[in-house]
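Please open the model in your viewer and keep the sequence panel beside it. The stops below say what to select next and what is to be found there.

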Amino acid sequence: MEHRRAVSILGLNESFTGDELKRQYKLYARKFHPDNKLTGNEDKFHEVQKAYEFLQDNQDKQDTVNQSREEGKNICPMCNGAGKRREKIKTSRGYIARKVKCMYCEGTGLKKQTGDGTWEINF
């Protein structure tokens, strides 16, 4: 699911907080629950659930990255903690750029921790 689509399904603005996300999810889940006789819609209910799970996972990952950024350590230098990086692809018309999951940190935005407690990044 795409981030913008999930935000629009729950009726949030781009700079939402965790509390706003939870509040909107509860509101829409109650509204579209199949047991609700007036506005119940099972397809819409499942769509709201998927959007919430997607945004919740991203929010948790972003909180971890932001905490590490504040501490100033353990950030993946290849994607700068974003978890995604741009990749150039050659086409017949030239090059295009697309965002792909960072293969160095596997999308977490953080360096990998080895068994002995040190941090590493594989190139």
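Is Phe 32 buried or exposed? Select Phe 32 to begin: its relative accessibility is 13%, so Phe 32 counts as buried, where buried means under 20% relative accessible area, exposed means over 50%, and partly exposed lies in between, with a 1.4 Å probe and protein chains only. Before going further, note that this is a predicted model, in which local features need pLDDT of at least 70 and side-chain atom pairs count only at pLDDT 80 or more, while totals for chains, interfaces and linings use all residues. Residues are numbered from 1 along each chain as its sequence is written, and side-chain values use heavy atoms, with hydrogens and water left out.

**The whole chain**

Colour the model by secondary structure, and the protein chain shows 3 helices and 4 strands, which follow the pattern α-α-α-β-β-β-β when read along the sequence. Helices (H or I, at least four residues) and strands (E, at least two) are DSSP runs, numbered from the N terminus. The protein chain has 123 residues, of which 28% count as buried.

**The aromatic pairs**

Next, display the rings, among which a search of the whole structure finds 2 aromatic pairs. Rings of Phe, Tyr and Trp (its six-membered ring) pair if their centres lie within 6.5 Å, and planes under 30 degrees apart count as stacked, over 60 as edge-to-face and the rest as tilted. Select Tyr 25 and Tyr 52, whose ring centres are 4.1 Å apart and whose planes stand at 15°, so that the pair is stacked. This pair links distant parts of the chain, since Tyr 25 belongs to helix α2 (residues 18–32) and Tyr 52 to helix α3 (residues 42–71), 27 residues apart. Both Tyr 25 and Tyr 52 are buried.

Tyr 28 and Phe 32 are 4 residues apart in helix α2, so about one helical turn separates them.

From Tyr 25, move to Val 48, which lies 23 residues away in sequence and 7.1 Å away in space, C-alpha to C-alpha. Val 48 has its place in helix α3, and with a relative accessible area of 1% Val 48 is buried.

**The salt bridge**

How many salt bridges does the structure hold? It holds 1 salt bridge, a term for a side-chain nitrogen of Lys or Arg within 4 Å of a carboxyl oxygen of Asp or Glu. To see it, select Arg 5 and Glu 47, whose side chains meet at 3.7 Å, N to O. Here too the pair links distant parts of the chain, with Arg 5 in helix α1 and Glu 47 in helix α3, 42 residues apart. Arg 5, at 44% relative accessibility, counts as partly exposed, and so does Glu 47, at 25%.

**The charged patch**

Finally, turn to the surface and select Arg 4, Lys 84, Arg 86 and Lys 99, which gather in a patch of positive charge. Patches are made of residues with over 30% relative accessible area and no salt bridge, with like charges joined within 9 Å and nonpolar side chains (Val, Leu, Ile, Met, Phe, Trp, Tyr) within 5 Å. Arg 4 lies in helix α1 (residues 3–10) and, at 62% relative accessibility, counts as exposed.

How values were computed
Accessible areas come from the Shrake-Rupley method with a 1.4 Å probe; for residues, only the protein chains shown count as cover. Lys and Arg count as positive and Asp and Glu as negative; His and the chain ends are not counted. The place of a charge is taken as NZ of Lys, CZ of Arg, CG of Asp or CD of Glu.
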